[in-house]
Amino acid sequence: MNVDKKLIFISHAQPEDDYLAVWLASKLRQLGYEVWVDKDNLKKGDAFWNEIELRIKNDSLRFIPLVSKAYINKSLDKDTGVFLEVSLSKSISRKIDNYIIPLKVDGCSYDDFPISFLPLDSIDFSQNWGKGLKELVEELELQDIPKSAVEPNVLQQWHKYLNIHGKVVDRSDFYGSNWLPSTLPKTISIYRFTGDAIKAQKEIPFAKKRDKDYILGFFNDSGLDLRTEFREDVALDDFLFDDTYILNSGDLIKGTRLHFTQLMNSALDEFFYQHENIKCWRKKSKERIYYTRKPPKESGSYPFKIDKKKGRRTLKGKKGDIHWNYSLSFKFQLDPFPHFVTNPHLLISDENGFKDDNQKYRRSIPKEWFNRHWYDRIFAFMNYVNDGRDERILRINSGREAFELDIRTSLYKSDKGYDEPKTL
């Protein structure tokens, strides 16, 4: 290894992969690596190719190409910088072992990679940037790539690229979370019905959870077309007291907290399933993502209210032939207090339906959305779910029992404030 070199050169297609290139450079710099990417290192008026050629030839120890469909196309065009970078990296790779580390960053085919990259092991960034970064860093550490002292302001170039001019100020302020506090049902019922438990489970129109021959839920068995052999109504505090509950029959229900958490998630899923204006899309991972069935208004925006603050946020939109939907997924947690975690998503669709590989659009469409823009949309979405009644509480019924969601989310106080950029 040439100890005089320590630069990691990121090669990418401009402007298609600018966002990822700057993101990756920021992350690697935070870890202490010396990184060069032409989006933020070249100054106006610099001799474009001469600067790149010098960096690659004289300083670079590793060459990391972000291989995408755009990158592949440009690597075939002799008039592009990508073609020149790929050609130069090929010659240098003969002198430096493991010099090129290709990253697959979209749905392109490995077979279409530049020919000099084909024999090389690549790292997949196309599904999850975080997972890809972890694998890349492990490889850099394994190859003992030298680090420098961490730059004190490594995110400055990231903010500059995104035109972010926000600043931290000395003032007391409240910060919202994505946690919706929840009350709890008072009782959980445990049944054993005549016949096969799996078949019986399909006959129950409420949230339920099967444990061997038993079915757990918040519902009453009256009115069900099932014959009850065993029923025990248990106070929720008793059910959650230990990880195992001993039934009056002598049988054990193990994993009580997990059973209860899954029941709460199922109850909320059932609520959304019955909501006439909310639809569900399931990712390949089976995660349920909820979005509005139709635009709340012709403009696609919907009102919200946080204490005395009122506003509107768009929940649906269109960019070219692409439609986008602001959407939420929900996950119940008992600690540190009962709440549902809301995770925002941007569902992308065209005439063929929703796209699984929509990372490109998630990075471009909400480019001007800062923290407040994402946060306000939680309130607008939940107000829409609550039929625009502008009430703080959303009541979820699941058979006999019910619980309530506070749709204002939990707030936390800080002695520091942050002035975000003002955008339209």
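**Close-up views of a predicted model**

View 1. Five strands, ordered β2-β1-β3-β4-β5, form an open sheet with parallel pairing, where strands (E, at least two residues) and helices (H or I, at least four) are DSSP runs numbered from the N terminus and two strands pair if DSSP finds at least two bridges between them. Because β2 (34-37) and β5 (123-124) each have a single partner strand, they stand at the edges, and one side of each is left without a neighbour in the sheet. The model is predicted, so local features need pLDDT of at least 70 and side-chain atom pairs pLDDT 80 or more, whereas totals for chains, interfaces and linings use all residues. Residues are numbered from 1 along each chain as its sequence is written, and side-chain values use heavy atoms, leaving out hydrogens and water.

**View 2. Strands β1 and β3.** Strand β1 (residues 7-11) runs parallel to strand β3 (residues 60-67), and 5 bridges join them; Ile10 stands opposite Ile64 in β3.

**View 3. The largest nonpolar core.** This core has 53 residues, and Ile190, Phe239, Phe260, Phe330, Phe381 and Met382 have the most contacts inside it; a nonpolar core is a set of buried Ala, Val, Leu, Ile, Met, Phe, Trp, Tyr and Cys residues joined through side-chain atoms within 4.5 Å, buried meaning under 20% relative accessible area (1.4 Å probe, protein chains only). Helix α12 (residues 371-385) supplies the largest share, 8 residues. Domain 2 (175-182 + 277-419) and domain 3 (187-264), with bounds from an automatic or database domain assignment, both give residues to this core, so the core lies between them.

Key:
Buried < 20%, exposed > 50% of the residue type's maximum accessible area, 1.4 Å probe, protein only.
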